[in-house]
Amino acid sequence: MSVHQTYSFFQSVERSFDKAAKFTKWDLGILEQIKACNSVYQMRFPVKRDDGSIQVIEAYRVQHSHHKTPCKGGIRFSDEVNQDEVMALASLMTYKCAIVNVPFGGGKGGIKINPRKYSEYELEKITRRYTSELVKKNFIGPGIDVPAPDYGTGSREMAWIVDTYASLKPGDIDAAGCVTGKPVTQGGVRGRTEATGLGVFFGIREVCNMPDIMQKQGLSVGIEDKTVVVQGMGNVGFYCAKFFREHGAKVVAIAEYEGAIFNANGLNEEEVFAHRKVTGSILNFPGANNLAKNTDALELECDILIPAALENVINGDNAPRVKAKIIGEAANGPCSPEADEIFAQKGILCVPDMYLNAGGVTVSYFEWLKNLSHVRYGRMEKRFTENMNSHILGQIEELSGKKVSATERDFIMHGPDEVDLIHSGLEETMIGATREIMEIWKSNPEIPDMRTAAYVSAINKVAISYSELGIFP
Ligand code: NAD
């Protein structure tokens, strides 16, 4: 039985905030305003199941901060959804957007259902009804509040949302900007699907490229040959595993809710995914050992541990047994405040969720901009850049009397496609945010960990925004 005090998820976020607020110069009033959830909308609506029965659905939308509009944050389908969780996730979104300089306030939505227990038709009805409830209360719109996918939802649900919104708002030319994470055919942007996982990779790679930090962790500089454990093979976990593997790291273990597998020589996430599709489980993957419990993966010897499933999976109980040198919080809130204290004692570097998994919201911001500008990224400059590069290359070859290889030619000539620009914008954002947070951390030796430094960065930015609005003299 746990002897540790437990906090609700929202209380955990508040505790982390308070810990960081001590390192800022802002008055208590302004700090209280930043912490509070500005609007909480709890709704209940009926849905007719396929068997003819009526079920009352519980759902939420929380707008944590209106210091910037629109609000932004995913919609979660899970039977664990409750008001406290949605409030916590909405507040993390405010801090996350501030850290990565995305000009949105934080929001989050949740529907208390296990999507596995509903048919596609039932899910569509629930999603569309939820959207019309949001429209009724003015809780959705390209300039109001812009949802996105989260745990248990994806581009399919976002397509239902935009379609419902557009049909209720005929003639709204910016209707496509009411939600992000849409399929490309419905106004989505190329590169959104892998954005969060890729952002996690860029953030951890930047940390691994910092010689002083790596020396402190007893690791070599760079990502190559690092051993990685990933919990959760959903959208975020899958792409994390993919980008780490493609850049030379070894994904030695993968955990899913049915169990965990280990192979010291590395696992290929695509093969594991295909195996799961056929057998219904990641267990018994050829060449890998099954672990007794899925949580055992969190306690394996490794360089980098990536929890990419749910919150609170590393807490006061199991944190003492964690052996990773770096934890990359891909999920929202996977480590409790008690775990943070244990990591500080053990010298484990925890790279915090609210900036590390900001890839999704960063690319969502790019998608929203695309929707408002009504033009695909790269459309205006791709051909121009290719013509210009071809001209420059021709001149260089003529003057030097040498020809570049066909591969080099293709690389130099290439004008940016949408996905190139999205990945590049994401890389720039994650590198910039990592450096900003590290600067804050290094500037004050009293700041205990990277999460606190990230909060300091967020609090300062939101507080400046409030004071510039003139709300606080
Ligand atoms: P998802 O539904 O695609 O995947 C989650 C995966 O975790 C599923 O495969 C599920 O089976 C697995 N899982 C559930 N319980 C588990 C357990 N106990 N052990 C191991 N695996 C378990 O969800 P996602 O979009 O990948 O989101 C994962 C986390 O990342 C969430 O905390 C979410 O809030 C956060 N996040 C997601 C995004 C995004 O763009 N999708 C952005 C930022 C943060």
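Trainee: What distance separates the centres of domain 1 and domain 2?

Mentor: This is a predicted model in which local features need pLDDT of at least 70 and side-chain atom pairs count only at pLDDT 80 or more, while totals for chains, interfaces and linings use all residues. Residues are numbered from 1 along each chain as its sequence is written, and side-chain values use heavy atoms, with hydrogens and water left out. The assignment, automatic or from a database, gives domain 1 (38–186) and domain 2 (190–381 + 416–473). Taken over C-alpha atoms, their centres lie apart by 24 Å.

Trainee: How much area do domain 1 and domain 2 bury between them?

Mentor: Buried area is the accessible area (1.4 Å probe) that two parts lose on being put together, summed over both. Carbon and sulfur atoms hold 64% of it here, and the total is about 2,900 Å².

Trainee: Which residues of domain 1 lose the most area to domain 2?

Mentor: Three residues together account for 23% of what the domain 1 side buries. They are His-67, Lys-96 and Ile-99.

Trainee: Which residue forms a salt bridge with Lys-182?

Mentor: A salt bridge requires a side-chain nitrogen of Lys or Arg within 4 Å of a carboxyl oxygen of Asp or Glu. Two are found across the interface of domain 1 and domain 2. For Lys-182, the closest N and O atoms are 2.7 Å apart, and the partner is Glu-367.
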